[in-house]
Amino acid sequence: MADLITEPNLPDPDGFYDRLIRAHHGLDDAASRRMNARLVLLLANHIGDPEAIGQALAIARGEPGEASTRTP
Amino acid sequence: MSAAARPRFAYVPPPELGDAAIRRVPVAIVGAGPVGLTAAAEFASLGRETVLLDEDDTVSVGSRAICWSKRTLEVFDRIGVADRIAGKGVVWNRGRLFHGDREVYAFDLLPEPGHRRPAFVNLQQYHVEDFLIDRVAELGRTDIRWRSRVTAVEQLADGAARLTVETPDGVYRLDADCVLAADGVRSAVRRAMQLDFKGRVFEDRFLIADVTMKAGFPSERWFWFDPPFHSGRSVLLHRQADDVFRIDFQLPAAADPDEERKPENVLPRLRQMLGPEVDFALEWVSVYSFTCRRMKKFRHGPVFFVGDSAHVVSPFGARGGNGGIQDVDNLCWKLDLVLSGAAPDGLLDSYDDERIPAADENILNSTRSTDFMTPKSAVSEDFRAAALELAARLPFARQLVNSGRLSLPHVYRATPLSTRDAEAWDGGPEPGAAAIDAPVRDNAGLAWLLERTGGRFTLLWFADEAPAVPTFANLEALRPRVDLVTVVRRGAPDAAAVVDPDGTAFRRWSAVDGTAYLLRPDQHVAARWRWPSIDDVTKALQRASGSAVAEGGLRSAGG
Ligand SMILES: Cc1cc2nc3c(=O)[nH]c(=O)nc-3n(C[C@H](O)[C@H](O)[C@H](O)COP(=O)(O)OP(=O)(O)OC[C@H]3O[C@@H](n4cnc5c(N)ncnc54)[C@H](O)[C@@H]3O)c2cc1C
């Protein structure tokens with residue numbers, strides 16, 4: 001079980017961000033939301049590790065202790 | 001600077017007026033903005049005379065460039081004007097980023113000491129131009145002609161260019177073996193030659209105010225996303241010389257520029273931002289919309305486009321002026337070699353090979369910054385808010401927040417002038433990259449490594465001990481074309497050797513005993529080795545002087 005990586009890990013952050021925003025071009029809000037949902041599911045499956053996913057969920061949700069990325 | 005305080009430079013009626021014979025000069029520069037002036041000073045430093053034509057007789061007005069990058073300052077060092085610019089300007093390395101009413105994070109642009117120049121110096125463009133004009137006069141060799149507007153360009157059968165120049169006393173013609181078109185974004189030369197200038201226009205508008213105040217803001221770059229005093233938009237605050245501050249407000253796309261510019265609309269915005277206590281006065285206000293465009297090619301026969309005439313970017317990232325200075329950094333030594341017959345014309349085509357990717361990098365970066373600042377849909381606003389929220393706590397998200405990716409020297413990766421590495425390297429400037437500074441000791445005391453380079457080809461040889469190794473003696477044969485500089489770990493400095501007292505230069509250049517770098521006159525790396533032979537160096541020198549590129553002729557190349 002691994003900790004969620006919260007240090008920089010993207011080789012080209014600006015390029016990634018650009019691609020992400022571009023991928024939504026031409027979609028209305030509802031279609032964008034669905035696309036984001038599919039994206040989360042795909043990336044979660046790729047990560048696999050329940051520990052890392054659990055930490056990501058807590059941080060994203062903004063729960064107490066959210067910033068901690070240590071395995072309890 | 002108020003319009004009244006601007007210097008006026010004397011127009012002198014040119015001797016060519018009324019003369020039937022047309023004079024021919026090797027180099028004419030059109031436009032005395034920061035880029036054209038730097039080119040004139042570069043040529044003068046190389047010992048070459050130029051004619052510099054400008055339609056106006058003063059420095060630029062209004063809110064224009066303020067941030068001059070480390071690389072620009074290094075070029076300014078080479079032409080002897082950096083001390084004055086850095087002395088008058090405001091040094092800053094630190095940027096702070098705010099979201100709503102909270103600080104998200106701060107960053108340091110130059111985290112390590114031991115560089116002569118900081119990451120950035122802020123100085124109003126009019127001061128920079130003024131200092132450059134003084135320096136050009138001091139260096140001599142530049143025939144600078146004010147109130148001389150170029151209105152037409154014609155290519156002659158022998159490959160030279162013929163300029164039509166309008167002055168208050170009439171029109172004359174001037175032939176030049178080569179022309180640098182440094183006449184800005186609305187380039188008359190580009191239009192006269194009917195050349196394209198394509199790209200993207202951003203709809204958003206920005207209100208840019210220069211404000212004088214004695215407030216105790218530190219010398220930092222402050223950027224706000226969605227601040228309480230300008231809800232839903234971004235604001236940038238920068239300090240300049242003379243207690244002048246630059247403030248950029250993002251406006252809605254639908255904003256009416258003429259309305260927004262009115263003092264009765266600007267002052268309340270500033271008051272809200274600065275608070276009720278602060279005393280301030282407006283120096284200048286303008287409303288800009290931005291574009292990112294470039295020409296398809298920068299070289300057209302004898303005419304070379306440099307600076308804003310060739311490419312223009314939005315100002316987030318300070319890549320406009322700094323990019324233009326790198327254009328002339330790249331071009332002047334090449335033209336000098338070709339005009340003096342020391343290199344083939346094909347060397348000049350490498351200006352396009354090297355500077356077009358550089359312009360594209362600047363356009364890409366400033367486009368992405370502008371896009372981040374002006375989200376176009378609900379989902380892009382969501383992603384931006386998410387990145388900003390996470391950035392307060394998590395380092396990875398800081399990389400996604402984009403308030404401008406500040407100008408760095410372009411690395412010429414796909415250039416015919418570089419020699420590929422033959423060994424494996426785990427650091428140091430790669431071929432095509434700009435030289436890296438380090439503190440050294442020479443026989444006069446403390447010095448900077450970069451001071452020892454530039455203007456000519458330089459072979460930097462790293463050695464454990466002085467006097468230098470035997471191979472070095474063979475390299476003496478290169479003297480007429482190459483300066484030899486040895487960097488030694490131990491020993492005493494002499495005319496050719498500097499000492500690296502704490503190993504900084506060795507570390508930054510990933511050097512060991514016998515490491516050598518061939519630097520071009522623009523201080524970019526042409527080749528590097530461990531223990532090269534004189535043959536290796538000679539071949540790399542030929543390559544960097546254009547031997548591997550197609551032959552042509554400055555006089556025969558077509559438009
Ligand atoms: C709001 C704003 C902020 C900016 N901030 C920065 C920054 O922080 N850092 C940075 O690096 N850049 C910045 N820039 C960009 C920078 O101002 C330009 O990139 C820079 O001025 C380009 O220099 P130039 O010499 O190519 O052209 P210009 O400065 O436009 O100079 C062109 C010159 O050519 C002359 N000319 C024009 N037509 C003719 C003709 N027909 N004949 C003869 N002469 C002619 C003009 O009189 C002028 O002197 C900013 C720009 C703006 C608008």
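Over all chains, the structure, which is a predicted model, holds 51 salt bridges, a salt bridge being a side-chain nitrogen of Lys or Arg within 4 Å of a carboxyl oxygen of Asp or Glu. Side chains of opposite charge can pair when their charged atoms come close. Across the interface of chain A and chain B, the rule picks out 2 salt bridges. Asp14(A) pairs with Arg405(B), with the closest N and O atoms 2.6 Å apart. That pair runs from helix H1 of chain A to the loop between helix H11 (395-398) and strand E20 (439-442) of chain B; helices (H or I, at least four residues) and strands (E, at least two) are DSSP runs, numbered from the N terminus. Asp18(A) forms a salt bridge with Arg368(B), and here the closest N and O atoms are 3.2 Å apart.

As for the rest of this interface, 21 residues of chain A are in contact with 17 residues of chain B, contact meaning heavy atoms within 4.5 Å. The area buried between the two chains comes to about 1700 Å², with carbon and sulfur atoms giving 63%; buried area is the accessible area (1.4 Å probe) that two parts lose on being put together, summed over both. On the chain A side, Thr6(A), Asp14(A) and Tyr17(A) lose the most area to chain B, together 34% of what that side buries.

Between chain A and chain B, 4 residue pairs are in polar contact, both residues at pLDDT 80 or more. A polar contact is a pair of N or O atoms within 3.5 Å; within protein, one must be able to donate a hydrogen and the other to accept it, and residues adjacent in sequence count only if both atoms are side-chain atoms. Helix H1 (13-23) and helix H2 (29-47) of chain A are the elements that give two or more residues to the side touching chain B, and H1(A) gives the most, with 8 residues.

Turning to the ligand, the backbone of Cys67(B) places an N or O atom 2.9 Å from a ligand oxygen. Asp308(B) uses a side-chain N or O atom, 2.7 Å from an oxygen atom of the ligand. For Asn322(B), a polar backbone atom is 2.8 Å from a ligand oxygen.

A word on confidence: chain A has a mean pLDDT of 88, and 85% of its residues reach 70 or more, pLDDT being the predictor's confidence in each residue, from 0 to 100. Over residues 64-72 of chain A, pLDDT stays under 50. Where pLDDT is low, the predicted coordinates should not be read in detail.

Residues are numbered from 1 along each chain as its sequence is written, and chains are lettered from A and ligands numbered from 1 in the order in which they are written. Local features need pLDDT of at least 70, side-chain atom pairs count only at pLDDT 80 or more, and totals for chains, interfaces and linings use all residues, while side-chain values use heavy atoms, with hydrogens and water left out.
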